[in-house]
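I opened the notebook to record what I looked up in this structure, entry by entry. I wanted to follow some loops, helix contacts and charged pairs.

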Amino acid sequence: MTEKTTGASYAAAGVDIDAGDRAVELMKEWVKKTQRPEVLGGLGGFAGLFDASALKRYERPLLASATDGVGTKVDIARRMGVYDTIGHDLVAMVMDDIVVCGAEPLFMTDYICVGKVHPERVAAIVKGIAEGCVLAGCALVGGETAEHPGLLGPEDFDVAGAGTGVVEYDRLLGADRIRTGDAVIAMASSGLHSNGYSLVRHVLFDRAGMSLEGHVEELGRTLGEELLEPTKIYSLDCMALTRTADVHAYSHITGGGLAANLARVIPDHLHATVDRSTWTPGAIFDLVGKAGQVERLELEKTLNMGVGMMAVVPQESVDVALTALSDRGVDAWVAGEILDRGDHTEGATMTGDYAN
């Protein structure tokens with residue numbers, strides 16, 4: 001008698017198509033909340049559609065694009081079993097790069113890679129992305145959920161996204177607009193944001209042996225709650241500021257730290273100084289520094305040190321800019337100025353000591 005054999009299948013290989021379909025159904029209501037009038041169709045198509053005729057009001061529209069992820073912060077979300085904030089981080093990392101040049105965020109797509117599709121988990125991630133898109137003023141027009149059994153563990157996942165914005169050519173912000181004497185305005189971060197988590201995890205977990213569930217008195221909450229604090233989305237705040245004040249440039253403070261990111265928008269013949277004494281970094285930065293005996297320069301090269309976005313404005317626009325940001329609930333202050341290059345070899349430097 002011949003033995004009956006069972007043929008291979010996609011499910012046996014670890015890919016659950018039914019679970020993927022359920023995840024799509026669960027996320028539809030959240031994606032719908034992000035729709036702008038220019039968006040055509042819904043989920044399920046091969047491509048997201050955005051009506052470009054809306055750009056006819058521009059004389060010379062420039063499309064701005066950016067792509068990013070949230071790094072090893074996903075490990076914190078996985079370990080805590082909290083998935084509806086990591087998408088918020090993703091939107092911030094992408095759309096706040098786009099708004100730096102003065103562009104209005106238009107739409108975004110996402111990519112979620114998992115070892116095993118847990119529909120409710122994927123839907124929670126998309127919920128966070130959708131909520132972030134609302135805060136950034138952009139639409140979520142599509143995405144992809146990929147199941148990679150054998151490459152990722154059943155609980156492992158990663159997220160990435162890409163976004164598009166538009167800016168009028170003669171309103172493009174950047175180094176060409178910056179002048180000697182301009183003021184550098186800092187906008188407070190909501191915490192670590194989504195950069196430097198490889199250092200943070202190494203210091204707090206591997207070296208200090210801290211627990212995500214443990215309450216940390218200096219933070220006023222558990223370590224896990226602090227580390228999962230969503231990245232602040234500045235897109236609408238920056239757009240409002242650009243409409244209100246004469247803004248010359250923005251700098252999104254992400255990987256590489258404050259000075260390095262600010263230097264990216266400073267022209268070669270000028271130099272930016274940032275005075276540390278104008279603010280006090282949040283407790284999490286001091287905790288990482290002390291727990292890992294991390295030198296200040298290393299901290300500043302890795303973390304945002306309490307500043308998530310910077311604006312460069314002429315001195316006569318400072319008061320208007322600070323008032324506009326305050327009216328939107330953004331904690332902001334003058335942190336530095338633009339000087340002639342002189343003997344400086346770097347585009348931006350930090351001076352003084354942090355306020356106590």
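Entry 1, loops. I looked up Met 305 and found its place in the loop between α10 (296-302) and β12 (307-313), keeping in mind that the model I am reading is a predicted one. Met 305 has a positive phi of about 55° although it is not a glycine, and I noted that Met 305 counts as buried because its relative accessibility is 5%, where the cut-off for buried is under 20%.

I then turned to His 193, which sits in the loop between β7 (183-188) and α5. His 193 is not a glycine either, yet it has a positive phi, of about 60°. Is His 193 buried or exposed? With a relative accessible area of 3%, His 193 is buried.

I looked up how helix α3 (residues 86-98) packs against α4, and I read an angle of about 40° with the axes 6 Å apart. That angle makes α3 oblique to α4, since an angle counts as roughly parallel under 35 degrees and as roughly perpendicular from 65 to 115. The crossing in which α3 passes α4 is right-handed. On the α3 side I listed Ile 86, Gly 87, His 88, Leu 90, Val 91 and Met 95, and on the α4 side Ile 125, Gly 128, Ile 129, Gly 132, Cys 133, Leu 135 and Ala 136. Sorted by class, the residues of this contact of α3 with α4 come to nine nonpolar, four polar and no charged.

Staying with helix α4 (residues 119-136), I found Lys 127 and Glu 131 in it, four residues apart, or about one turn of the helix. Their side chains meet in a salt bridge, with N to O at 3.0 Å. Glu 131 counts as partly exposed, because its relative accessibility is 32%.

I went back to α5 (residues 197-207) and looked up its packing with helix α2 (residues 73-80), where the angle is about 50° and the axes are 8 Å apart. With that angle, α2 is oblique to α5. The residues of α2 that meet α5 are Lys 73, Asp 75, Ile 76 and Arg 79, and their counterparts in α5 are Tyr 197, Arg 201 and Phe 205. By class, I recorded three nonpolar, no polar and four charged residues for the contact of α2 with α5.

I noted a total of 16 salt bridges in the structure. In one of them, the side chains of Glu 229 and Arg 221 meet at 2.9 Å, N to O. Both partners are partly exposed: Glu 229 has 25% relative accessibility, and Arg 221 has a relative accessible area of 22%.

I also looked up Asp 286, which forms a salt bridge with Lys 290, their closest N and O atoms being 3.2 Å apart. Where do Asp 286 and Lys 290 lie? They lie in helix α9 (residues 283-292), and because they are four residues apart there, about one helical turn separates them. Asp 286 is partly exposed, with a relative accessible area of 41%, whereas Lys 290 is exposed, with 62%. Elsewhere I found one network, in which Asp 75, Arg 78, Arg 79, Asp 156 and Arg 201 are joined by salt bridges that share partners.

Notes
Residues are numbered from 1 along each chain as its sequence is written. This is a predicted model: local features need pLDDT of at least 70, side-chain atom pairs count only at pLDDT 80 or more; totals for chains, interfaces and linings use all residues. Side-chain values use heavy atoms; hydrogens and water are left out. Axes are lines fitted to C-alpha atoms, for helices over the stretch in contact, and angles run from 0 to 180 degrees between N-to-C directions. Helices (H or I, at least four residues) and strands (E, at least two) are DSSP runs, numbered from the N terminus. Angles under 35 degrees count as roughly parallel, over 145 as roughly antiparallel, 65 to 115 as roughly perpendicular and the rest as oblique. Contact means heavy atoms within 4.5 Å. Ala, Val, Leu, Ile, Met, Phe, Trp, Tyr, Cys and Pro count as nonpolar, Asp, Glu, Lys and Arg as charged, and the others, Gly among them, as polar. A salt bridge is a side-chain nitrogen of Lys or Arg within 4 Å of a carboxyl oxygen of Asp or Glu. Buried means under 20% relative accessible area, exposed over 50%, partly exposed in between (1.4 Å probe, protein chains only). A crossing is left-handed if the near helix is turned anticlockwise from the far one by less than a right angle, and right-handed if clockwise.
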